[in-house]
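Work through the exercises below with the sequence and the structure open. Try each task before reading its solution.

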Amino acid sequence: MSTDSVKLLILRASPYAMRAILGLEAKGVKYELIEEDLSAQSQLWLESNPVYKKIPVLLHGGKAIPESLFIVLYVHEAWPERAAFFPSDPYARAMTHFWGDFIDKKVAHVSTYCTAQFGFTQLDAKPFFNGTGIGYADIFLAPLAAWLRLFVELAGIRAPTAEEAPKLHKFFNAIREHPATKVAFPDPDELLSYVTMAA
């Protein structure tokens, strides 16, 4: 599919924006990044998602796709010839959807994740990021690698140690070094500014 006129409206430090950027970067799609201001919603922002009035929103070929979950799914389907986010096996594909949904509902908010030992146990049992490429569930979990350090420092939230969650720590270390996250993850100062502004 043509990559002409691909635009992504985001709030730079938002974990949901990170997901959308990771999806596009992992597929190697060329796009224009449009950073919005939380305090002053642009007309393009409001017109692109008139229902919830939230971003990120992906604009492609004159069509608007809102919300990170649907953006990632759209990117996967729109550029099928590039790196796949899902395995071909039906069971493995279903379980990938399951873990993506689990992360989105149970651990999207860092505070929830850090206080739920059940979440630690369940996620550490999942072998994320096998080194062959970023998958669907990886995209949903990855922003936590950027946000967790900040919340530990600012809020004193207890994160699991490497001994308690070795696979998660391995994932966080690996995903931080992936070229796609170098683009998707803002620097710590941007994250701090975003937290301060949103508070």
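The model is predicted.

**Exercise 1. Strand β3 and its neighbours**

Task: Find which residue in β3 stands opposite K7, and work out how β3 pairs with β1 and with β4.

Solution: 
- Step 1. K7 stands opposite L59 in β3.
- Step 2. Strand β1, residues 6-10, pairs with β3 in the antiparallel sense, over four bridges.
- Step 3. Strand β4, residues 63-66, also pairs with β3 in the antiparallel sense over four bridges. Here V57 stands opposite P66 in β4.
- Step 4. β3 and β4 form a hairpin, with two residues between the strands. G61, in the turn, has a positive phi of about 60°.

**Exercise 2. Two residues compared with the cut-off**

Task: Decide whether I34 and S48 are buried or exposed, then list what each one touches, leaving out residues up to four places away in sequence.

Solution: 
- Step 1. I34 is found in strand β2, residues 32-35. Its relative accessibility is 18%. Buried means under 20%, so I34 counts as buried.
- Step 2. I34 touches K7, L8, L9, I10 and L44. From I34 to L11 the C-alpha distance is 8.6 Å, although 23 residues separate them in sequence.
- Step 3. S48 is in helix α2, residues 43-48. Its relative accessible area is 9%, so S48 is buried.
- Step 4. S48 touches L9, V57, L59 and A64. Its side chain also reaches the backbone oxygen of L44 at 2.6 Å.

**Exercise 3. The largest pocket**

Task: State what volume the largest pocket has and how many residues line it, then describe the lining by class.

Solution: 
- Step 1. Rolling a probe the size of a water molecule over the atoms shows where empty space is left.
- Step 2. The volume of the largest pocket is about 440 Å³.
- Step 3. Its lining consists of 19 residues; Y16, K54, I55, P56 and E67 lie nearest the centre.
- Step 4. By class, eleven lining residues are nonpolar, four are polar and four are charged.
- Step 5. Helices α1 (15-27) and α3 (68-78) each supply at least two residues of this lining.

Terms used
Residues numbered from 1 in each chain as written. Predicted model: local features only at pLDDT ≥ 70, side-chain atom pairs only at ≥ 80, totals over all residues. Heavy atoms only, no water. 1 Å grid on protein atoms, 1.4 Å probe; cavity = no way out; pocket = protein on both sides within 12 Å on 5 of 7 lines; lining within 4 Å. Points joined across faces, edges and corners; volume = space filled by probe spheres on them. Nonpolar A, V, L, I, M, F, W, Y, C, P; charged D, E, K, R; others polar. Buried < 20%, exposed > 50% of the residue type's maximum accessible area, 1.4 Å probe, protein only. Contact = heavy atoms within 4.5 Å. Polar contact = N/O pair within 3.5 Å; in protein donor to acceptor, adjacent residues only side chain to side chain. Pairing = 2+ DSSP bridges.
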